[in-house]
Amino acid sequence: MNVPVLTCRNLCKSYKQGMPVLNNLNMNLSGGKIVGLLGPNGCGKSTLIKLISGLLTPDSGEIFICGEPRSEASNALVSYLPERTYLTPSMRVKDLLDYFSVFYPDFDDTTALRMLEDMNIDVSQRMGTLSKGTKEKVQLVAVMSRRAKLYLLDEPIAGVDPAARDYILQTIIGNYNPEAAVIITTHLIHDVEPILDEFAFLGYGGQVLLSGVADEVRATHGKTLDELFREVFRCSVNY
């Protein structure tokens, strides 16, 4: 039996206000899948990603990566793209590649250089001279050039122009380890929908309102995920 790449059991997380951000959330994710964690801003998508990556600690519940409890050791299996850029302005693009090569044995420098060339990004440029969208492209290239087991992409297309979104989504499809799983958080459902195998609509209060295999749900409801998303959240009493 194949072991899931990610398992979340009864995850709960609240902040100081006491309102639950995640409430008994459960998730199983197998390899070879691209999953959309979809929901409006503030519904807990980034919190879940940070819990899985180890940046936050759950109030209760369990997280397993490739069958093992999430730990410092399991971090080596996870490639994480944060929602915000973290690059030092004086750092050159090539410096970032060198940094990833040192810290991550599974980093493929050749793949990274090829993708940057495809995007017409000069590796000698300093981060401080790049636009916000270009910085996000550079970060995505670095993350997708690892041969990880689980990719966590927090709003990977939110800051880039529409013309670049298709290339970025194709970059995700074409460069992740086929035995791995990818989680993409976004509220831009229309743009990301074509590449999703599965999805989960996450609502305020930290519960999954609807989830499933993307093609099956589209066939059952006769609607795109984008249309279904608008219907679910418009009809929910929590919105």
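Predicted model: local features only at pLDDT ≥ 70, side-chain atom pairs only at ≥ 80, totals over all residues.
A pocket here is an open set of points on a 1 Å grid over the protein atoms alone, with protein on both sides within 12 Å along at least five of seven lines; a cavity is a set where a 1.4 Å probe fits but cannot get out, and lining residues have an atom within 4 Å of a point. Grid points are joined across faces, edges and corners, and the volume is the space filled by probe spheres set on them. Among the residues lining the second largest pocket are Met27, Leu29, Phe199 and Val213. Strands E2 (20–29), E9 (198–203) and E10 (207–213) are the elements giving two or more residues to this lining; strands (E, at least two residues) and helices (H or I, at least four) are DSSP runs numbered from the N terminus.

As for the largest pocket, about 430 Å³ of space lies in it. It is lined by 17 residues, and Asn75, Val78, Tyr80, Tyr104 and Arg146 come closest to its centre. Strand E6 (78–81) and helix H2 (93–103) are the elements that give two or more residues to the lining. By class, the largest pocket's lining has 12 nonpolar, three polar and two charged residues.

The structure also holds one cavity of 30 Å³ or more. The largest cavity has a volume of about 50 Å³, and its lining includes Leu81, Arg84, Glu136 and Glu155. Four charged residues sit in that lining, along with three nonpolar and two polar ones.

On to the strands. An open sheet of six strands runs in the order E6-E7-E8-E3-E9-E10, with mixed pairing; two strands pair if DSSP finds at least two bridges between them. E6 and E10 are the edge strands, each pairing on one side only. From one strand to the next, the twist averages 15°. E9 and E10 run antiparallel and are joined by six bridges, with Gly203 opposite Gln207 in E10.

Elsewhere, E1 (residues 6–14) and E4 (residues 60–65) run antiparallel, joined by five bridges. Thr7 stands opposite Phe64 in E4, and Phe64 has Pro69 as its bridge partner in E5. E4 and E5 make a hairpin with two residues between them, and Cys66 in the turn has a positive phi of about 50°.

Then there is a helix pair. The axes of H4 (residues 132–144) and H5 (residues 162–175) come within 10 Å and cross at roughly 10°, so H4 and H5 are roughly parallel to each other. Axes are lines fitted to C-alpha atoms, for helices over the stretch in contact, with angles running from 0 to 180 degrees between N-to-C directions; under 35 degrees counts as roughly parallel, over 145 as roughly antiparallel, 65 to 115 as roughly perpendicular and the rest as oblique. Lys137, Leu140 and Met144 in H4 meet Ala164, Ile168, Ile172 and Asn175 in H5, contact meaning heavy atoms within 4.5 Å. The residues of this contact divide into five nonpolar, one polar and one charged.

Note on methods:
Residues numbered from 1 in each chain as written. Heavy atoms only, no water. Nonpolar A, V, L, I, M, F, W, Y, C, P; charged D, E, K, R; others polar.
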